[in-house]
Amino acid sequence: MSRQAPPGKTLIDVRRLAAIDMYGRHGSKRRRRLILAEFVLAAIDIPLLGLTLVQAASVPRVFLGAYLIGVGLNFVPLGLHAISLSRAGRLGTELAGVDVAAELRRYTAKHLFIGIPLLKLVFGVAQFAPSRRAPSEAQTPAQAHSLAVGRQRKG
């Protein structure tokens, strides 16, 4: 089951961004491994570099370090999605029925948002949270069941 947000509903779908970036133009295994390594290493190394700069005595280095920590944390959801998409068949399932060339053009420009500290981390958490949310405690089990049945009849 793929958690795909309808186009235009979110500014950045972090999972789709990771999938498109891993697939690229041709979907080679080499590219998948390189992008996976990029995301995971960036999620570790950039915040560590930022931490070393934050410990400096000069104010500009502290600001640069804080910025690098924020940018590095943007790679955490990308890395987690890349790890989950690297399992056999997951990337193909995620991109089934998708015009990869159009999505690649669209997400290439959106990948520049990585420079805004914590932005992709916030989007990643916000997009992950609804899929894990349980039915509202205010609803009784009968109400939740009737809502689910109503959705099935419409679809």
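Predicted model: local features only at pLDDT ≥ 70, side-chain atom pairs only at ≥ 80, totals over all residues.
**View 1. Helix α1 in its surroundings.** Helix α1 covers residues 14-23. Nine of its 10 residues are buried, so α1 is largely enclosed by the rest of the structure. The buried residues are Val14, Arg15, Arg16, Leu17, Ala18, Ala19, Ile20, Asp21 and Met22. Gly24 follows the helix. The phi of Gly24 is positive, near 65°.

**View 2. Helix α1 against helix α3.** Two packed helices are described by the angle between their axes and the distance between the axes. Helix α3 spans residues 59-85. Its axis and that of α1 come within 9 Å and cross at roughly 60°. The crossing is right-handed. From α1, the contact uses Val14, Arg15, Leu17, Ala18, Ala19 and Met22. From α3, Pro77, Leu78, His81, Ala82, Ser84 and Leu85 take part. By class, the residues of this contact are nine nonpolar, two polar and one charged.

**View 3. Helix α1 against helix α2.** Helix α2 runs over residues 29-54. The axes of α1 and α2 come within 7 Å. They cross at roughly 135°, which means that α1 is oblique to α2. Ala18, Asp21, Met22 and Tyr23 make the contact from α1. Arg31, Arg32, Ile35 and Phe39 make it from α2. Five residues of this contact are nonpolar, three are charged and none is polar.

**View 4. The salt bridge between Arg31 and Asp21.** The structure holds four salt bridges. In one of them, Arg31 pairs with Asp21, and the closest N and O atoms are 3.1 Å apart. Arg31 belongs to α2 and Asp21 to α1, so the pair ties together parts that are 10 residues apart in sequence. Arg31 is partly exposed, because its relative accessibility is 31%. Asp21 has a relative accessible area of 11% and is therefore buried. Arg31 and Asp21 are also among the residues in the contact of α1 with α2.

**View 5. The salt bridge between Glu94 and Arg15.** The side chains of Glu94 and Arg15 meet in a salt bridge, at 3.0 Å from N to O. Glu94 sits in helix α4 (residues 90-94) and Arg15 in α1, so this pair ties together parts that are 79 residues apart in sequence. Glu94 is buried, with a relative accessible area of 2%. Arg15 is buried as well, at 13%. Arg15 also takes part in the contact of α1 with α3.

**View 6. A salt-bridge network with Arg16, Glu103 and Arg106.** Salt bridges link Arg16, Glu103 and Arg106 in a network. Arg16 is one of the buried residues of α1. The side chains of Glu103 and Arg106 meet at 3.3 Å, N to O. Glu103 and Arg106 both lie in helix α5 (residues 100-110). They are three residues apart, so about one helical turn separates them. An α-helix has 3.6 residues a turn, so residues three or four places apart point the same way. Glu103 is buried, with a relative accessible area of 12%. Arg106 counts as partly exposed, at 28% relative accessibility.

Technical notes: Residues numbered from 1 in each chain as written. Heavy atoms only, no water. Axes fitted to C-alpha atoms, helices over the stretch in contact; angles between N-to-C directions. Helix = DSSP H or I, 4+ residues; strand = E, 2+ residues; numbered from the N terminus. Left-handed = near helix turned anticlockwise from the far one by under 90°. Contact = heavy atoms within 4.5 Å. Nonpolar A, V, L, I, M, F, W, Y, C, P; charged D, E, K, R; others polar. Buried < 20%, exposed > 50% of the residue type's maximum accessible area, 1.4 Å probe, protein only. Parallel < 35°, antiparallel > 145°, perpendicular 65-115°, else oblique.
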